[in-house]
Every structure is written in structure tokens, then in C-alpha cells.
Amino acid sequence: MSPLSDEDQRCLLAVARRSIEESAQGRGLPDLESVSGALSERAGAFVTLRGHGVLRGCIGQIEPRQPLARTVAECAASAALHDPRFPPVTPLELAELRIEISVLSPLFDATPEQIVVGRHGLLVSDRFHQGLLLPQVPVEWSWDRERFLSETCRKAGLPPDAWRRGARVQAFTTHLFAEGESRKAASQAGVHRSAEG
């Protein structure tokens with residue numbers, strides 16, 4: 001997809017914030033009919049929420065099924081209300097939430113030797129099992145490449161060595177940006193089925 005400008009990033013963060021606020025107050029997603037350019041192109045994305053620096057929710061869509069702005073709006077609302085690891089975000093929490101968005105590149109099949117910790121996220125799948133970790137996850141936990149592969153297998157509900165025994169390994173990069181930042185780069189982190197590792 002087209003590169004995201006600083007204005008695109010600000011717009012997506014505003015879409016995510018508005019979606020969380022509307023959803024937490026029982027209203028629907030905001031109107032996104034006016035988006036254009038890169039925001040109207042199809043792309044996968046994850047939205048991560050943190051409260052006081054602690055993970056508060058993370059949901060994503062891997063496949064580029066709809067315009068990026070719509071993907072971000074839906075993922076933000078789902079991260080706030082439907083991440084099964086956390087209770088729904090309440091209106092009282094809204095002011096303290098910090099939003100991070102990871103826009104995903106297309107997936108590609110990768111050998112273990114091609115994976116670069118800190119650059120690539122991973123998706124490991126085998127039959128009905130699938131697990132994803134964003135590029136930032138192994139960096140945050142100081143994992144090497146083999147540990148990253150093993151933890152992604154665990155995320156999928158597979159044995160930790162499934163990546164050695166025929167499970168499909170796919171990689172991706174992300175463009176990561178967050179509220180309170182002006183980062184333009186971000187081939188970081190890894191994500192799973194619908195939440196941060």
C-alpha cells in the first residue's frame with residue numbers, strides 16, 4: 001500500500017480514539033465515508049491499548065479485507081471491548097488510554113534464517129491452529145529468533161518446536177506509530193490471532 005504520511009498517522013489515531021470513545025459509550029463506529037488516499041487502501045492492522053504503560057487490549061485483522069481506516073476503527077473498538085483477556089474499557093478509563101497502531105505489510109513465507117528479530121512479525125499456522133506475534137514482542141522480552149518462533153507456536157496452541165516440524169511460518173513487517181509520538185518508521189513487533197503477544 002502507499003506510504004503513510006504524518007497526517008495519515010494522525011488521522012488513523014483520531015479514528016481509533018473516536019471509535020473507542022463511541023463504543024465505550026454504547027454508540028456505533030464513526031462515519032468514515034470521507035477517507036481517501038492511503039486510508040482508503042486495503043490493509044491489515046492491529047490496535048494496541050495501554051493504560052499507565054500496561055497492556056489493556058490488542059486486536060487486529062491480518063488480511064487486508066477492507067480500507068485501512070475501517071480496519072483501524074473496528075480493531076480499536078474490539079480492543080477496547082472484546083479482547084478476552086481483559087474486561088471492557090469503561091468511559092472513565094478513556095483519558096488514560098494510549099493507542100498504538102501497527103499497519104501490516106503483506107505476509108510472505110519465510111525460512112527461520114530469514115527472520116530478523118525486531119523487524120519481522122510472525123504468523124505460524126498448522127491446520128486449524130494459528131498464532132501471531134508482532135515485531136515488538138521479541139524485543140520487549142529479549143528473545144532470540146528461535147525463542148520467537150517457539151513462542152509464536154505456543155500462541156497458536158502448537159508444540160514449541162512445530163516450526164521445525166512442518167508448521168507454516170509467515171513473516172511481515174509493520175509501520176508502527178502511537179499517540180504522543182511522531183515515529184515514521186516501524187518494522188517492529190509481532191501479533192497473534194487477535195491480540196498482542
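What follows is a chat about strands, loops, rings, cysteines and a pocket in a predicted model.

Student: Is this structure predicted, or what is it?
Tutor: This is a predicted model.

Student: Which residues sit on each face of β1?
Tutor: On one side there are A45, V47, L49 and G51, and on the other F46, T48 and R50. Both faces of β1 are covered.

Student: What does β1 pair with, and over how many bridges?
Tutor: β1 pairs with strand β2, residues 54-61, in the antiparallel sense over 7 bridges. β1 also pairs with β3 in the antiparallel sense, over 7 bridges.

Student: Which residues stand opposite each other there?
Tutor: G51 stands opposite V54 in β2. On the β3 side, the bridge partner of F46 is S102.

Student: What about the turn between β1 and β2? How many residues are between the strands?
Tutor: The hairpin of β1 and β2 has 2 residues between the strands. In that hairpin H52 takes a positive phi near 55 degrees.

Student: Why point out a positive phi?
Tutor: Because most residues other than glycine have a negative phi.

Student: Where else does a positive phi turn up?
Tutor: R127 has a phi near 55 degrees, a positive value in a residue other than glycine. S142 also has a positive phi, of about 60 degrees, although it is not a glycine.

Student: Where are R127 and S142 placed?
Tutor: R127 is in the loop between β5 (121-126) and β6 (129-133). S142 is in the loop between α3 (136-141) and α4 (145-155).

Student: R127 first: buried or exposed?
Tutor: R127 counts as exposed, because its relative accessibility is 80%.

Student: And S142, buried or exposed?
Tutor: S142 is exposed, with a relative accessible area of 68%.

Student: Back to strands. What order do the strands of the open sheet take?
Tutor: The open sheet has 4 strands in the order β4-β7-β5-β6, with antiparallel pairing. Its edge strands are β4 (108-109) and β6, each pairing on one side only.

Student: How many bridges join β5 and β7?
Tutor: β5 and strand β7, residues 168-172, pair in the antiparallel sense over 5 bridges. L123 stands opposite Q170 in β7.

Student: Changing topic: how many aromatic pairs are there in the whole structure?
Tutor: A search of the whole structure finds 1 aromatic pair. That pair is W141 and W143, with ring centres 6.4 Å apart and planes at 20 degrees, so it is stacked.

Student: Why does 20 degrees make it stacked?
Tutor: Because planes under 30 degrees apart count as stacked, and the planes of W141 and W143 are at 20 degrees.

Student: Now cysteines. How many disulfides?
Tutor: The structure holds 0 disulfides.

Student: How does the lining split by class?
Tutor: The lining of the largest pocket has 11 nonpolar, 7 polar and 2 charged residues.

Student: Last one, S5. Where is it found?
Tutor: S5 is in the segment before α1 (6-24). At 31% relative accessibility, S5 counts as partly exposed.

Student: How far apart are S5 and R42?
Tutor: In sequence S5 and R42 are 37 residues apart, and in space they are 16 Å apart, C-alpha to C-alpha.

Technical notes
Residues numbered from 1 in each chain as written. Predicted model: local features only at pLDDT ≥ 70, side-chain atom pairs only at ≥ 80, totals over all residues. Heavy atoms only, no water. Disulfide = S-S within 2.5 Å. Nonpolar A, V, L, I, M, F, W, Y, C, P; charged D, E, K, R; others polar. Buried < 20%, exposed > 50% of the residue type's maximum accessible area, 1.4 Å probe, protein only. Pairing = 2+ DSSP bridges. Phe/Tyr/Trp six-rings, centres within 6.5 Å; stacked < 30°, edge-to-face > 60°.
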